[in-house]
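Me: Please examine the structure below with me, with attention to charged side chains.

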Amino acid sequence: MEEKVNTGQGSHKFTLNNRKLGSMTGVKDVIAFDMGEVLLETELGMLMIKGKDLHVNKLSVEKGEVEVEGTFDSLTYSELSDYSKKGESFFGKLFK
């Protein structure tokens, strides 16, 4: 019998092919997206994808899967708590 230990963190996987196609699991929510930026809440924190001509091709929040296509320039992870600092709103930090 296999026993799994819960460390309090979920599971998240990101696969990027040729800087053109990103597939993710462990996605809780898509916060915002446009052709230059995609902001995702993952099991392990916030993920901001920046690039050109970004499109969300596949979205299944129930399964926690997202597929983004376009030219990827940067991927930035941050803690969820970074967006809830006292005196600063989530969108205030996002659009600095």
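Me: At 37% relative accessibility, does Lys50 count as buried, partly exposed or exposed?

Reply: This is a predicted model, in which local features need pLDDT of at least 70, side-chain atom pairs count only at pLDDT 80 or more, and totals for chains, interfaces and linings use all residues. Residues are numbered from 1 along each chain as its sequence is written, and side-chain values use heavy atoms, with hydrogens and water left out. Buried means under 20% relative accessible area and exposed over 50%, with partly exposed in between (1.4 Å probe, protein chains only). At 37%, Lys50 is therefore partly exposed.

Me: Which side chain meets Lys50 in a salt bridge?

Reply: A salt bridge places a side-chain nitrogen of Lys or Arg within 4 Å of a carboxyl oxygen of Asp or Glu. For Lys50 the N to O distance is 3.9 Å, and the partner is Glu37.

Me: How many residues apart in sequence are the parts that Lys50 and Glu37 tie together?

Reply: Strands are DSSP runs (E, at least two residues), numbered from the N terminus. Lys50 lies in strand β5 (residues 45-60) and Glu37 in strand β4 (residues 37-42), so the parts tied together are apart in sequence by 13 residues.

Me: What is the N to O distance in the salt bridge of Arg19 and Asp73?

Reply: Arg19 is partly exposed at 44%, and Asp73 is partly exposed at 43%. Their side chains meet at 3.0 Å.

Me: How many salt bridges does a search of the whole structure find?

Reply: One of them joins Lys58 and Glu65 at 3.2 Å. The search finds a total of four.

Technical notes. Helices (H or I, at least four residues) and strands (E, at least two) are DSSP runs, numbered from the N terminus.
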